[in-house]
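Please look at the sequence and the structure below before reading on. The text then walks through a few parts of the structure in turn.

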Amino acid sequence: MRSIWLIARREYLEQIRGKAFRVTTILIPVVFGVVMAVAILPSKYWGTGKHIAVAAQDPALAMRVRDQLVADKEAKITVDVVAPATAVDRQKLHDEMDSKQIDGFVWIDAPASGKEQVTYVSRSAGDLTTEDRLQSDVNRALVEQRLVDRGNPSSAVASLTGNVDITTMLYRDGKEVPSSVLSTLFLGYGMAFLLTFSLVMYGMNVGRSVIQEKTSRIFEVMLSTVKSSDMLAGKLIGIGAVGLTQILIWIALGAILLSSALVTSWMAVMAKPQIPVVEIILLCIYFVLGYALYSAFFAGLAATCDTEQELQQYAPLAAVPVWLSFGMFMYILSNPNSIWSVLVSMFPPTAPITMAFRFTAQFPPAWQIALSLALMVLGIYIVLWLSSRLYRVGILMYGKRATLPEMIRWLRYS
Amino acid sequence: MSSVAAPVAAPVKAPVVTLDRISKSYESKVAVQDLSLQIEPGTMFGLLGPNGSGKTSTIRMMIGITMPDSGSVNLFGKPYDRASLTRVGYLPEERGLYKKMKVMEQLIFMGELHGLDPAVAACRAQEWSERMQITEAVQKKTEELSKGMQQKIQFIATLMHDPDLIVMDEPFSGLDPVNASLLQDTLIELKKSGKAILFSTHRMDQVEKMCDAICLIHRGHAVLSGGMREVKSRHERDRVVINFDGDSSFLQHPAVKSFKDYGGQAEIQLHPHADAQALLHAAAASATIYRFELMEPSLEEIFIRTVGEKIDA
């Protein structure tokens, strides 16, 4: 035990004092912030500032569509009206698109009897936001026009078709607390992002540390005093403690930031995320277990490699469960209790991240959390057993990366 | 009634290391086969042989880094157990230090791993740094030091916990003559203080003068072992170096098997059991002799004679 403690302490102090720790402690939240900003900010400006024309035979309908579109302040859209429109006007609109005076036009055919036909002709194919906006605004304008055509006064029509805002509340622990889809997304994504970063980064750190000791040939000196299993345990504990320290720093910074006036005003538009203490504790447990799983895996693999480049080639193996977890992000948030959501949160490599998603969407039943933790412990035991065997033999093998048959033989060595 | 006191027997010191018919194979390759040896306290023992002959595999089994497939290992008179490793100092051929650690921290860490209290480890590290003349380096990071300096730090890490068995795999490789001599003197002192020292090397000339006993390994087998003098005495003195002035016709004497004549000096290989005295008389009859030395064979020559192969240095 003393050797394990000494090795863990050495690993911890070396990493904590290192420049890499300071840089990543600051850089990862900054990168995360930039990624979120890049994802959120442009989305606010998607499909804005467009210049389009509305062409219809009925000037009143065309004006009504125009009014709807310009009423959307966020869209910052400029609308020309062509009414009553003819085939010649359509050609003119094509010419205006060619000369880039307009981005597109809405053509409304409204026969006296029968359903209106609306076409949007655009210079760009993938502008989903504008299409969405047109879909709702043109439809509402048509409904209003139909109501007016049937003799309803304009003032009554406006009140009939007016929007209502929906306030989202989250029911938790017998109480209703303010919530919003955006804050849930933000929180779920944030927790999973930090968890993933830490798991993969510290898993790779363990691998790198094994390679460095292997290339610096220190193993043989160490093995003349300590057991290889003690070395592995000390390394996993030491580097894991570094990861935990970093996560606690981030949580503390996050708590300070969330309570600051700046964020309060910035987040006024959406409900402030609620993170119960029990979720923070569970996330820390999932980090520790996830870390043990990934780092034991990387330690075993690293012992079979001779250089960091060789180890990098194995990195995609760890990336697969991460991709799988993030691929299911939206699905889990919408269906936190579906069979697929439950299954991926039971599978040890994907459990830490997918459980973070489930926590934000809806807190899972206690038995599912207990089962998922038990399966993780079992997974860690199996990976640790395999890795410690690879590690014990691999650290004394120099010269080339071990092949799969060689690794299988190593597992059989007593 | 008077009783007669039984004579008190002098305490018999147990061998520090006893390997009894140990073997180790990796897949189809036999690394060590039925190897036995014994190292007494206060001796320097040479484990000699070409590269790949099984020296490192033997050492690894001796200190429990790997386990023998068969045979037994005894350390300090008891079957091998990990607790006895605190009494062993091992300098492997593949040396390594933590590059980012400061020298003093590194030495304290190594000392603690060997069971020393941190304060004692710091004190010993300081003493050894002075003895090995590296005091200016102790607060630097290892990566900032020269290779020779790093070697000295490793020697300190090997010796600072005052081990009773010191195992050194190729200890002089990469050392300049001044530092090699410093290490040599240190080891001789340690031997005099009763420590057992094991050298493993393929450079037999380097340890020939220092070792009290040897074991020559070839392809995993011990081909020659015993006390240095005993091993050498088993081989005839059949090589002559002669410095002379005058007629060199004595080189055609029937006792001479082959010779190299450098003009004024000749190296002669005698026939087995040839009479060297007869050659001396013949030489003295035809030339003035300044030196006539019947040389004992070097370890390397003994090795070549024994296995019929050259050492791949």
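The model is predicted.

The residues that form the contact of α11(A) with α17(A) comprise 19 nonpolar and four polar ones, with no charged residue among them.

Helix α11(A) also meets helix α16 of chain A, residues 351-361. Here the axes come within 9 Å and cross at roughly 165 degrees. Because angles over 145 degrees count as roughly antiparallel, α11(A) is roughly antiparallel to α16(A). This crossing, between α11(A) and α16(A), is left-handed. On the side of α11(A), the residues in contact are A:Glu279, A:Leu283, A:Tyr286, A:Phe287 and A:Gly290. They meet A:Ala351, A:Pro352, A:Met355, A:Ala356 and A:Phe359 of α16(A). By class, the contact of α11(A) with α16(A) has eight nonpolar residues, one polar and one charged.

Chain B comes next. Its domain assignment gives domain 1, residues 17-228, and domain 2, residues 236-295. The C-alpha centres of these two domains of chain B are 42 Å apart.

Chain B contains an open sheet of four strands, in the order β2-β1-β4-β5, with antiparallel pairing. The edge strands are β2(B), residues 29-39, and β5(B), residues 78-79, each of which pairs on one side only. Strand β1(B), residues 17-26, runs antiparallel to β2(B) and is joined to it by seven bridges. Within this pairing, B:Lys24 has B:Val32 of β2(B) as its bridge partner. Helix α1 of chain B, residues 55-62, lies across β1, β2 and β4 of that chain. The helix runs at about 120 degrees to β1(B).

What remains is the contact between the chains. How many residues of chain B touch chain A? There are 18 of them, in contact with 13 residues of chain A. The largest share, three residues, comes from α2(B). The side of chain B that touches chain A divides into eleven nonpolar, two polar and five charged residues.

Note on methods
Residues are numbered from 1 along each chain as its sequence is written. Chains are lettered from A and ligands numbered from 1 in the order in which they are written. This is a predicted model: local features need pLDDT of at least 70, side-chain atom pairs count only at pLDDT 80 or more; totals for chains, interfaces and linings use all residues. Ala, Val, Leu, Ile, Met, Phe, Trp, Tyr, Cys and Pro count as nonpolar, Asp, Glu, Lys and Arg as charged, and the others, Gly among them, as polar. Two residues are in contact if their C-beta atoms, placed from the backbone, lie within 7 Å. Helices (H or I, at least four residues) and strands (E, at least two) are DSSP runs, numbered from the N terminus. Domain bounds come from an automatic or database domain assignment. Axes are lines fitted to C-alpha atoms, for helices over the stretch in contact, and angles run from 0 to 180 degrees between N-to-C directions. Angles under 35 degrees count as roughly parallel, over 145 as roughly antiparallel, 65 to 115 as roughly perpendicular and the rest as oblique. A crossing is left-handed if the near helix is turned anticlockwise from the far one by less than a right angle, and right-handed if clockwise. Two strands pair if DSSP finds at least two bridges between them.
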